[in-house]
Amino acid sequence: MQLDHLRVAITGGFGALGLAAVQAALAAGARVAAIDRAPAPSAGIGAASCIGGVDLADPAAAANALDTAAKAMGGLDALVNIAGMFRYESVTDGNADTWDLLYRVNLRTAVAASQAALKHLHAGGRIINIGAASALKAGAGVAAYTASKSGVMRFTESLAEELKERDITVNALLPSILDTPPNRADMPKADFARWVKPEQLADVIVFLLSKQSSAITGALIPVTGRV
Ligand SMILES: NC(=O)c1ccc[n+]([C@@H]2O[C@H](COP(=O)([O-])OP(=O)(O)OC[C@H]3O[C@@H](n4cnc5c(N)ncnc54)[C@H](OP(=O)(O)O)[C@@H]3O)[C@@H](O)[C@H]2O)c1
């Protein structure tokens, strides 16, 4: 799959999935700007522009970061919203602040980054969001998390409809458990081979960025490996 100099901004680009997505997009021939709240890796990420220290839930900071990314790449063709976080917390013992936190980090970041990107995106553009398979049918302890990711899913569907006239596609991937070091530490007895590797999800992101996916919009695509 070739991305032929596509100019792609990837939020959460210094995290586990973000790094894999940045590397996969670069390998496919894209120009990439990675945007994250975390500081930029000192060694950089290949040829990607690294924009660190950005709270994407702040619309002004998001606008500034997307403008910087577009300037660095000479324009913007696609946005991949990966920034996010997980919290396990029961409703019984939980805190309402967790709901605000997860809404802010999982949904508000995607909304603010998308709004900031829309002034740059053009026909043929792409927005890819990361939801969660667990938001399709929530289990115990993930109410705040799945509520925020359900928001990402409805945001995806609505924005896809809104942008049909502009020929910009908007889709969401719904991963189950990713094979990351924190998940291995939290679930040491699990069969890691059944989990989705960040690189596998990054391959699906590259497909959604590519010309070959131009007829797909408003889709919520589970990527669940053998979980
Ligand atoms: N890991 C899984 O099993 C799994 C499963 C389903 C869905 N997902 C989703 O997949 C995405 C990536 O997960 P991951 O495991 O790669 O997470 P990760 O390694 O924690 O990476 C997430 C990155 O997003 C950044 N970030 C958080 N809040 C931000 C903000 N307000 N503005 C800008 N950047 C922000 C984080 O920075 P800080 O380090 O500074 O917080 C971090 O670098 C998330 O949306 C997550 O919900 C993950």
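Colleague: Where is Arg194 placed?

Modeller: Arg194 lies in the loop between α5 (181-186) and α6 (198-209). Bear in mind that this is a predicted model.

Colleague: Why does Arg194 count as partly exposed?

Modeller: The relative accessibility of Arg194 is 38%. Buried means under 20%, exposed over 50%. The value for Arg194 falls in between, so Arg194 is called partly exposed.

Colleague: Which residues is Arg194 in contact with, leaving aside neighbours within four places in sequence?

Modeller: Thr224, Gly225, Arg226 and Val227. Contact here means heavy atoms within 4.5 Å.

Colleague: What separates Arg194 from Ser213?

Modeller: The two are 19 residues apart along the chain, and their C-alpha atoms are separated by 26 Å.

Colleague: On to the helices. What makes Thr98 buried?

Modeller: Thr98 is in helix α3 (residues 96-118). Its relative accessible area is 10%. The cut-off for buried is under 20%, so Thr98 is buried. Not counting residues up to four places away in sequence, Thr98 touches Arg87, Glu89 and Ala144.

Colleague: And Thr146: why is that residue called buried?

Modeller: Thr146 has a relative accessible area of 6%. That is under 20%, so Thr146 is buried. The residue belongs to helix α4. Beyond residues up to four places away in sequence, Thr146 touches Ser134, Ala135 and Ala138.

Colleague: What makes the pairing of Thr146 with Ala143 a polar contact?

Modeller: A polar atom of the Thr146 side chain lies 3.3 Å from the backbone oxygen of Ala143. The limit is within 3.5 Å, so the pair counts as a polar contact.

Colleague: Now the ligand. Which residues are closest to the ligand?

Modeller: Leu17, Asp36, Arg37, Ile82 and Asn183 are the closest, out of 25 residues that surround the ligand.

Colleague: How much of the ligand does the protein cover?

Modeller: On its own, the ligand has 890 Å² of accessible area, and the protein covers 80% of that.

Colleague: What makes you say that the ligand sits in the largest pocket?

Modeller: A molecule sits in a pocket if more than half of its atoms lie within 2 Å of the pocket's grid points. The ligand sits in the largest pocket by that test. The elements giving two or more residues to the shell around the ligand are α1 (16-27), α3 and α4 (143-162).

Terms used. Residues numbered from 1 in each chain as written. Predicted model: local features only at pLDDT ≥ 70, side-chain atom pairs only at ≥ 80, totals over all residues. Heavy atoms only, no water. Helix = DSSP H or I, 4+ residues; strand = E, 2+ residues; numbered from the N terminus. Buried < 20%, exposed > 50% of the residue type's maximum accessible area, 1.4 Å probe, protein only. Near = heavy atom within 4 Å. Areas by Shrake-Rupley, 256 points an atom, 1.4 Å probe, with all protein chains shown as cover. 1 Å grid on protein atoms, 1.4 Å probe; cavity = no way out; pocket = protein on both sides within 12 Å on 5 of 7 lines; lining within 4 Å. Polar contact = N/O pair within 3.5 Å; in protein donor to acceptor, adjacent residues only side chain to side chain.
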